[in-house]
Structure formats: structure tokens, C-alpha cells
Amino acid sequence: MKMLRSFIPDTLLIALAVGAFFAFPYDLAFLTRIVIMMIFVLSIDLILGLGGIVTLGQAAMYGTGAYAAGLFAVHVSNDPLLGLLAGMAAGAVIALMSGLLLMRAGGLTLIMLSIAVAQVLAEIANRARDWTGGADGMRGIRMGPILGQWRFDFIGQTGYIYCVVVLFVVLFALKGLKASPLGLMARGIHESPARMRAIGAPVYQRRLILYTIGGAIAGIAGALAAQITQLVSLEVFSFTLSAEAVIMLILGGAGRLYGAILGVLIFMVVHHLAASVDPINWLFLIGLMVLLVVFFLPKGLLSLPPALQRLIGGAR
Amino acid sequence: MTTLLSILVDGIAYGMILFMISVGLSVTMGLMRVINLAHGGFALIGGALAHALVTHGVNYWAGMGLAVLGTMLIALPMERGLYARIYRMGELQQVLATIGIAFMIIATVNYTLGSTLLPIPTPEGLRGSLDLGFRTLPYHRVAVIVAGLLVTLFLYLLIERTRFGIRLRAAVDHRATAATLGINTGRIFALTFMLGAGLAALGGILGAELLPIEAYYPLRYMVLFLVVVAVGGMGSITGSFVAALGLGTLDTASRYLAPEYGTIVFFVTMAVLLTLRPQGLLGKGRA
């Protein structure tokens with residue numbers, strides 16, 4: 001019974017994904033963007049929510065995955081799944097390489113170094129004009145059918161289903177990882193690195209593994225974005241992307257996977273609606289939203305129901 | 001030789017601007033242990049106020065003074081209302097809350113003045129060049145360097161020679177002990193924050209030719225200011241000074257000599273420095 005209950009959120013999520021597919025047939029491009037962003041924010045939830053590693057440079061892995069998938073499609077093969085693997089591998093390699101340095105640092109130093117990694121990669125992509133198209137962006141990505149069966153169609157039905165399937169694969173993999181010894185150790189390191197070190201846990205190495213897995217998932221998200229939009233621009237490395245993704249995570253609630261999903265959904269929908277009404281003051285609204293959540297709901301919107309319950313329960 | 005001199009003059013002027021804007025950030029970070037990503041917002045507020053005043057016919061110098069004062073008056077209620085609560089939060093919450101504040105400042109400036117460049121017309125006296133015989137120096141650069149040196153002198157006297165400075169240093173070293181000795185740390189925080197915001201505004205106005213004022217200023221240059229603080233070491237004024245001048249000169253030099261790789265050189269240098277000294281050049285040993 002308990003086993004079954006733990007699948008309620010997933011069932012709801014599947015129902016939501018299917019329902020959205022039929023309810024908004026003309027907004028599939030936007031819905032696909034939301035799904036890709038969910039995968040990206042899940043990668044941050046893994047390292048930040050679970051492992052307690054605060055960075056502002058996750059876009060480094062997202063962008064690398066996007067460029068890797070784009071280059072792979074142009075020069076090697078237009079098979080989407082192989083391209084996804086290429087993006088994932090590229091994200092993992094960048095995370096591992098930068099992680100060797102980053103995971104030794106903490107606090108402001110870690111934040112600054114993670115921002116620097118993304119900035120340096122952006123600059124490299126900007127300079128390697130022959131490969132990446134520089135500031136004009138990388139064009140000419142043409143994807144083949146998925147598994148040789150399903151072609152990407154004009155209104156984006158295939159793309160949406162493809163991304164939703166990848167989202168669920170990532171989500172279930174992360175649920176498994178969270179319950180694994182590595183996941184439990186990561187939680188311990190989040191709570192107190194010193195104590196984990198005292199009981200013999202290899203803190204640095206575990207943080208590095210976690211960061212690398214997070215990088216692989218961010219690489220998947222970037223690869224999906226490149227394949228769906230068939231364009232990669234320098235924006236994939238932008239600081240704003242990293243910062244907004246962290247904001248979305250905190251909005252929903254860090255460390256619980258579903259918080260990432262909820263946060264992205266709310267942020268992107270509010271953004272979509274507010275930006276169509278008034279593109280400038282949207283930024284004010286998001287700033288206010290962040291402040292309110294940080295001040296009044298530090299555990300994110302997922303903690304709103306229990307908080308209300310306590311409030312009502314306490315009044316009795 | 002001429003190139004070398006140009007690099008030095010431009011680099012030092014640029015470094016002085018970075019120092020003026022970052023020093024408040026460094027001190028507030030060292031003092032309150034808050035990672036403030038909205039600090040560039042005060043430079044923007046100062047620059048925007050100066051733009052509004054000077055384009056409406058106020059004298060440049062008077063406009064600058066009023067803008068700095070105005071920024072400090074805006075900073076005070078923000079410190080008391082928002083930041084005083086942010087100090088107690090965790091690292092991640094601080095980062096997010098201050099990004100939120102930066103967004104709100106950007107949106108407000110964007111709403112009132114638009115998203116175009118906000119130039120601050122420089123007065124006649126700053127436009128020409130100083131003729132040294134073998135080469136000329138733009139007055140503006142000279143003024144920036146002199147202002148930077150004056151600010152450094154002022155801060156040195158304030159921190160080393162006044163009662164406020166003694167209390168400030170005590171609070172930076174150990175806040176709880178300072179509080180038990182009867183130092184009103186809350187007031188020190190507020191005054192320091194105001195001072196930092198005022199200096200950021202001054203740097204923003206004087207540096208408008210190098211770092212143009214526009215609504216997205218706080219985000220565009222946020223990383224730059226934070227790098228100075230991280231490299232210099234949080235809470236260290238001397239560290240900020242050394243880091244700002246060093247990074248300013250390095251950045252200018254790489255722009256002159258290897259413009260292709262400017263950004264990469266800048267960030268790689270920062271990464272190497274932070275790897276060797278995670279607490280910054282002159283950091284206090286705890287982040």
C-alpha cells in the first residue's frame with residue numbers, strides 16, 4: 001500500500017502531461033520548453049537540493065550538452081537518441097573536469113568559480129566560430145526520426161512526447177539514486193560534511209560523483225533543447241539561465257524532485273502570461289516572487305499545504 | 001612604451017572604478033556574511049539619479065553629490081527592512097533574495113527611465129586632455145584616479161583613525177563578541193551598508209564612461225564586482241584595492257594586447273588565484 005502511495009505524484013504527473021498534450025495542441029512548443037527546463041532544474045535539484053552544493057553555473061553543462069548534440073547531429077549522425085547520449089557524455093565530462101577544482105571550494109568561492117566556468121565556455125564557443133557559428137548561433141541541425149520510426153513534425157507532437165518520456169526516465173532514475181547509498185550519503189554530506197568525514201565518508205569524491213551525474217542530466221536537457229529548436233545560441237551558457245533555474249527550484253522546493261517540476265511549471269507559466277501582458281515589469285514580479293518565497297516559504301511552494309495544515313491545526 | 005603607459009593609465013583608472021564599487025560589497029560581505037548580488041544595483045541607482053539630474057540641467061558635480069546622497073537614503077530603508085533579515089539566512093537564500101532585489105531594481109529603473117543607455121554628460125572641465133609633453137592624459141581618467149585615491153585615503157582614515165572604524169573592525173573580526181562589548185552592531189551594519197551603497201553610486205557615476213549605465217547594469221557587471229571581492233578576500237579593504245587595481249590592469253592589458261582572449265585570460269586568472277587562495281588574497285581565513 002505504501003509502495004503504491006509513493007506513485008501517486010507520478011500518476012498525477014503523467015495525467016497532467018497527457019492532459020496538456022490534448023488541452024493545448026497549439027502550444028506544444030511552449031510545453032516542450034517547460035519539460036526541457038524541468039529536466040535541467042532536476043539536475044540542479046540533485047546537486048543543490050540533495051547534495052547541498054550551491055553553484056550558479058549549471059548552464060555550463062547545459063550549454064556543453066547543447067553544443068555537443070548540435071555538433072554530433074551536423075557532423076556524425078542525425079539519430080536523436082545517439083545525440084542525446086553525446087550531450088549527456090559532454091555534460092558529464094565538463095562537470096567532472098570542472099568539478100575536480102570546484103568541489104574543493106565552498107561558499108562564495110564555489111559560486112564564483114562555477115560562474116567563471118560557464119563564462120569561459122561561452123567565450124570559447126564565441127571564439128570557435130567555425131564550429132559553433134559564434135554569436136550568430138549554430139544552424140543546420142537536422143534531426144532524423146526517433147528509433148527510425150517517428151519523425152519530428154511541424155507542430156511538435158513528436159518532440160513533446162520525446163521530451164516527456166526523457167523527463168520520466170530522468171525522474172525515475174533520480175528517485176532511485178535518491179534512495180541509493182550514494183543518495184543517502186549525499187544527504188548526510190548536505191547536513192554536515194564534517195560529521196560525514198568523521199565517520200569515514202569520502203566527502204570530496206562523493207560530491208564529485210554527484211556533480212558529474214548532475215552535469216550529465218544538464219547535458220541531456222541541453223541536448224534536447226538543441227534537437228527540438230534545431231538551433232544553439234550562446235545564450236545556453238548565460239548566467240541568467242543558471243540563476244533562473246535555481247530560482248525555479250527554490251520556488252517549488254529543493255531536495256524533493258517534485259519541487260523542481262512544480263517550480264518550473266509555475267515560473268514558466270507565470271512568465272508566459274506576464275510577459276505577454278507586460279514584458280518589462282515581469283522582472284519586478286519575478287523578483288517579488290523570489291523574495292516572498294525566500295522570506296515566507298523557505299522550503300518552497302511544496303511546503304505550502306503542510307504549512308497551511310499546521311496553521312489551521314494550530315488554530316484549533 | 002606608449003602602449004604600456006596607456007595600459008597603465010586606463011588600467012589604473014578602471015581599477016579605481018572597480019575598487020569604489022566593490023569595496024562596499026567587500027566590507028558588507030565580510031561584516032554581515034551576506035552574499036549580496038544586488039550591490040551593482042546601487043551603482044545603477046546612483047547612475048540613474050545622476051542621469052536624471054544632470055540631463056535636467058543640474059550641475060555635474062552637484063548632481064553627483066545629490067545622486068550619491070539619494071542612493072544612501074534609498075539604501076537605508078532597504079537595509080533595515082530587507083537586508084537585516086537576509087543576514088540570518090543561509091547562503092542559498094541570500095543569493096536568491098539578493099538576485100530578487102537586483103531584479104526589482106532593474107525593473108524599476110527600466111520602468112521609470114527605459115532600457116536605453118543613460119548617459120551622464122560630463123562637464124567641460126573633464127573633456128580635454130592633460131599634456132605631459134611626451135604624451136597626453138584624458139582629464140577624465142586623471143579625475144577618476146584622483147577620486148579613487150581620495151576614497152582610499154578617506155576609508156583608511158575612517159577605519160584606522162575613528163571610533164566608528166574601531167567598532168567596525170571589531171564587528172568584522174567577531175560580531176558576537178563585539179555585540180557583548182556593548183557595540184551596537186545593528187547601527188554599524190546600517191551605516192556601513194549606506195556607506196558601501198554611496199561608494200558604489202560614486203563609482204557608478206564616475207565610471208559611466210567605462211561601464212555604461214543602463215537598466216541591466218547590476219546583472220551585466222555583477223560577476224565583475226564579485227570577482228574583485230572574491231579575489232581580494234571578503235572584508236579586506238586592502239585586498240579589494242589590490243584585487244581591483246590588479247584585475248583592472250590585467251583586463252585592460254589583455255584588451256590592448258590580446259583582445260581575442262580577454263575574457264578567458266580574466267576568468268582563468270581568477271580561477272587560478274582562487275584555487276591557490278580560496279579565501280582570497282588577503283582574506284580572513286573563513287568564508
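**Chain A–chain B contact.** I looked up the contact in this predicted model and found 34 residues from chain B and 33 residues from chain A, two residues being in contact if their C-beta atoms, placed from the backbone, lie within 7 Å. On the side of chain B that touches chain A, H4 (91-113), H9 (217-232) and H11 (262-276) each supply at least two residues; helices are DSSP runs of H or I, at least four residues, numbered from the N terminus. H4(B) gives the most, with 16 residues. I sorted this side of chain B into 25 nonpolar, six polar and three charged residues. Ala, Val, Leu, Ile, Met, Phe, Trp, Tyr, Cys and Pro count as nonpolar, Asp, Glu, Lys and Arg as charged, and the others, Gly among them, as polar.

**Conventions.** I number residues from 1 along each chain as its sequence is written, and letter chains from A in the order in which they are written. Local features need pLDDT of at least 70, side-chain atom pairs count only at pLDDT 80 or more, and totals for chains, interfaces and linings use all residues.

**H4 and H6 of chain A.** I checked H4(A) (59-75) against H6(A) (107-127): their axes, lines fitted to C-alpha atoms over the stretch in contact, come within 8 Å and cross at roughly 25 degrees, on a scale from 0 to 180 degrees between N-to-C directions. That makes the pair roughly parallel (angles under 35 degrees). Gly63(A) and Tyr67(A) are among the H4(A) residues that meet H6(A), where Val117(A) and Leu121(A) are among the partners.

Technical notes. Parallel < 35°, antiparallel > 145°, perpendicular 65-115°, else oblique.
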